[in-house]
Amino acid sequence: MGMSPRKNRRQLGGPSAGDRGGTEDPPASGWFGGFQDTEEATDGDWIVRQVAGTNATKAYRCPGCDQEIPPGIGHLVAWPADSRGADDRRHWHKPCWQARLRRAPRTKRSRNAPRH
């Protein structure tokens, strides 16, 4: 019997251990295995990470559309650049993140409130 060749997986643009500094979570609890960038926008500076579908193991609620991002679906995680805690991280659909500045602010209405 022959053996099939081993496939090596490469990490997608993730920082090396020396690049993380002291403010990031350790890989087991906070690294999503994707590309990370800093974005400057009118709503502030944001750290944005791409999460590959293979690394998305939980369901999240997108703040842009208020719909669920199911496990296995690639998406983005974004948080303010000046944030120090994981509590500020939000998981977004990619198109929702890109459209966030074009959306009107979300208005909370009761179930029976009129939509003017």
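Author: Let us start with Asp66, which sits in the loop between strand S3 (60-61) and strand S4 (68-69). Helices (H or I, at least four residues) and strands (E, at least two) are DSSP runs, numbered from the N terminus. This is a predicted model, in which local features need pLDDT of at least 70 and side-chain atom pairs count only at pLDDT 80 or more, while totals for chains, interfaces and linings use all residues. Residues are numbered from 1 along each chain as its sequence is written, and side-chain values use heavy atoms, with hydrogens and water left out.

Reader: What is the phi of Asp66?

Author: Asp66 has a positive phi of about 60°, although this residue is not a glycine.

Reader: How far is Asp66 from Trp92?

Author: Their C-alpha atoms are separated by 9.5 Å, and the two residues are 26 residues apart along the chain.

Reader: Stepping back, how many helices and strands does the protein have?

Author: The protein has 2 helices and 6 strands. From the N terminus on, the order of the elements is α-β-β-β-β-β-β-α. Of the 116 residues in the protein, 25% are buried.

Reader: Now salt bridges. What is the count?

Author: The count is 1 salt bridge, a salt bridge being a side-chain nitrogen of Lys or Arg within 4 Å of a carboxyl oxygen of Asp or Glu. Arg100 pairs with Asp43, and their closest N and O atoms are 3.0 Å apart.

Reader: Which parts does the pair tie together?

Author: Arg100 lies in the segment after helix H2 (94-99) and Asp43 in the loop between strand S1 (36-41) and strand S2 (44-51), so the pair ties together parts that are 57 residues apart in sequence. Arg100 counts as buried, because its relative accessibility is 14%. Asp43 is partly exposed, with a relative accessible area of 35%.

Reader: Where is Arg49, and which residue does its side chain contact?

Author: Arg49 is in strand S2, and a polar contact of 2.4 Å joins its side chain to that of Gln36. A polar contact is a pair of N or O atoms within 3.5 Å; within protein, one must be able to donate a hydrogen and the other to accept it, and residues adjacent in sequence count only if both atoms are side-chain atoms. Arg49 is buried, because its relative accessible area is 2%.

Reader: What about His91, buried or exposed?

Author: His91 is buried, with a relative accessible area of 10%, and lies in strand S6 (residues 90-92). Its side chain makes a polar contact of 2.9 Å with that of His75. His91 and Leu76 are 15 residues apart in sequence, and 5.6 Å apart in space from C-alpha to C-alpha.

Reader: Last topic: where is Asp88?

Author: Asp88 is in the loop between strand S5 (75-80) and S6. Asp88 counts as partly exposed, because its relative accessibility is 37%.

How values were computed:
Buried < 20%, exposed > 50% of the residue type's maximum accessible area, 1.4 Å probe, protein only.
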